[in-house]
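Please consult the model while going through them.

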Amino acid sequence: MEPSSIAFWIGSGIVLLVSFSTFRSLVAKVMKNEKVMQEMQLSTEELKKELDELPASLKQNRVRRAWRGYRRFILDEKVPEAHNICSFHLRPLDDMPLPPFEPGQHLGFQLRIPGHKRPTVRNYSLSSSPKERSKYKITVKRIPPPPDQPDLPSGVGSTFLHENLAVGDLLEVSSPAGKFILDRQDPRPAVFLAGGIGVTPLLSMLETICDEKIERKCYFIHAVRNRSEHPFREHIQKIVEKCINVDLHVFYSQPAEDEEVDATDHRHHVGFLDVDCLAKITGGGDLQYYICGPPPMMKNLLPALEEFGVSSDSILTEAFGPASTRNNPAKVSTDSGEESTNPGQHKLHFKRSQRTLTWDGTSPILDMAEEVGIFIDSSCRAGNCGTCEIRLHHGDVEYEEEPGVDITPGHCLACVAKPVTEVNLGA
Ligand SMILES: Cc1cc2nc3c(=O)[nH]c(=O)nc-3n(C[C@H](O)[C@H](O)[C@H](O)COP(=O)(O)OP(=O)(O)OC[C@H]3O[C@@H](n4cnc5c(N)ncnc54)[C@H](O)[C@@H]3O)c2cc1C
Ligand code: FES
């Protein structure tokens with residue numbers, strides 16, 4: 001054989017060998033990838049199964065914020081809905097699509113009010129259907145001074161929105177938040193109980209039930225003072241006409257003298273809503289309650305429902321109390337030499353205010369701070385809106401119930417956080 005032929009055959013052999021081993025390793029990689037893929041598919045399925053098996057309440061707590069901080073929106077439209085009640089339609093300034101929200105969630109607003117040194121932070125529930133993806137809608141009641149103190153100024157945030165905000169003005173808005181949301185998977189009949197302006201998150205839930213053709217039985221019950229203070233009267237009536245699984249009932253506590261109340265209409269009631277009326281309307285049984293109303297309504301209705309045998313797991317609530325509502329003042333001692341009511345409890349260092357307090361053993365951080373004049377923005381005071389989020393520079397806190405909003409790492413929710421060690425806070 002010629003040396004050139006020998007070289008040719010040796011070269012071909014090498015090429016063949018290399019090709020074969022490359023082919024073998026390729027086959028091995030493909031098979032390995034397939035195995036990995038199979039494993040991944042398995043774990044995705046297992047994960048999906050685990051998620052499906054999670055209790056609804058846990059799934060509801062997994063609400064993530066769609067954007068951090070504040071995004072700018074333009075006021076597109078301002079629509080009167082009833083006496084002192086107005087809807088505000090908001091379009092994002094960047095014209096980017098809006099992230100979906102859960103029916104029942106609210107937005108946070110940082111209002112720059114002339115004459116106020118700091119922005120005023122308030123929350124307003126989304127009153128529209130999540131189906132609408134180009135605009136958000138909120139509906140706000142202008143809060144007058146308390147009836148027994150007419151000389152006090154009316155509500156700061158709501159009055160500003162009603163009286164000063166004009167179409168085309170900008171607003172700073174935080175992303176939809178809150179765990180007061182409709183559980184679409186719950187097959188039980190749903191009872192929506194709205195007191196006055198508390199109708200806003202429940203209206204969004206009702207719109208969802210009808211838009212998504214959710215077939216569970218629903219009772220939508222709205223208690224208001226009279227017709228002039230009845231927002232969305234015709235709108236809700238129209239929704240309910242299209243949605244045969246929803247029964248609508250309205251309670252007028254103080255109908256005006258010239259107001260006609262059709263006594264033959266069993267869905268129109270005069271007086272206050274109570275548990276006996278509720279039992280007559282719904283027939284009782286295993287029901288899921290969604291309740292949002294003013295503090296007196298919540299204060300009366302919730303214990304009455306529980307006394308009636310409704311378990312607290314079946315009642316979801318949202319309270320719209322004024323931003324300044326507080327139950328028990330904290331017992332505070334400072335390092336300025338005052339006696340501590342609970343000696344030996346953790347120290348709270350407020351970095352910006354340069355104050356150190358001794359924890360009273362029970363109060364959340366917000367109450368402790370306010371008691372000595374340290375200002376922290378707040379609204380719901382229940383861990384549901386994120387307004388009171390502050391830096392936690394050092395130490396640990398705990399929450400009795402899992403908060404309804406996603407907390408930024410390295411921060412805590414002052415309204416519900418309690419220290420479990422000495423803490424260093426950014427307020
Ligand atoms: C999750 C959530 C969702 C909400 N959704 C809605 C909604 O959809 N629609 C809605 O209308 N509201 C909603 N609210 C309530 C809203 O956030 C505000 O609390 C409400 O608008 C009142 O705010 P304000 O600034 O107008 O009143 P504030 O300034 O907080 O005043 C409240 C009351 O205190 C009185 N007051 C003023 N000064 C004093 C003083 N020195 N001493 C004692 N009292 C005083 C005022 O006269 C008024 O009666 C929601 C709240 C939360 C937490
Ligand atoms: S005030 Fe709403 S989470 Fe604290």
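1. Two residues are in contact if their C-beta atoms, placed from the backbone, lie within 7 Å. Helices (H or I, at least four residues) and strands (E, at least two) are DSSP runs, numbered from the N terminus. Axes are lines fitted to C-alpha atoms, for helices over the stretch in contact, and angles run from 0 to 180 degrees between N-to-C directions. With these terms, helix H3 (residues 156–163) lies across strand S2 (85–92), S3, S4 and S5, and runs at about 115 degrees to S5.

2. The model is predicted: local features need pLDDT of at least 70, side-chain atom pairs count only at pLDDT 80 or more, and totals for chains, interfaces and linings use all residues. Residues are numbered from 1 along each chain as its sequence is written, while chains are lettered from A and ligands numbered from 1 in the order in which they are written.

3. The protein chain contains 8 helices and 20 strands. Of its 427 residues, 33% are buried; a residue is buried if 20 or more other C-beta atoms lie within 10 Å of its own, exposed if 12 or fewer, and partly exposed in between, with C-beta atoms placed from the backbone. Among contacts between residues at least 6 apart in sequence, 66% join residues at least 24 apart.

4. One open sheet has 6 strands in the order S4-S3-S6-S1-S2-S5, with antiparallel pairing; two strands pair if DSSP finds at least two bridges between them. Strand S4 (120–125) and strand S5 (136–141) each have a single partner strand, so one side of each lacks a neighbour in the sheet. Neighbouring strands here are turned by 40 degrees against each other on average, direction ignored.

5. Within this sheet, strand S3 (residues 106–111) and strand S6 (residues 170–177) run antiparallel and are joined by 4 bridges, with His106 opposite Ala177 in S6. S2 and S5 are also antiparallel, joined by 6 bridges, and Phe88 stands opposite Ile138 in S5.

6. Another open sheet of 6 strands has the order S10-S9-S8-S7-S11-S12, with parallel pairing. Its edge strands are S10 (268–270) and S12 (315–319), each pairing on one side only. The twist averages 15 degrees from one strand to the next. Strand S9 (residues 246–252) pairs with S10 in the parallel sense over 3 bridges, and Val250 stands opposite His268 in S10.

7. Helices accompany this sheet as follows. Helix H5 (residues 233–242) lies across strand S8 (218–224) and S9, at about 155 degrees to S9. Helix H7 (residues 295–307) packs on the sheet, touching strand S7 (190–195), S8, strand S11 (288–293) and S12, and its direction makes about 165 degrees with that of S12.

8. The axes of helix H4 (residues 199–211) and H5 come within 10 Å and cross at roughly 25 degrees. H4 is therefore roughly parallel to H5; angles under 35 degrees count as roughly parallel, over 145 as roughly antiparallel, 65 to 115 as roughly perpendicular and the rest as oblique. Leu203, Leu206, Glu207 and Cys210 in H4 meet Ile236, Ile239 and Lys242 in H5.
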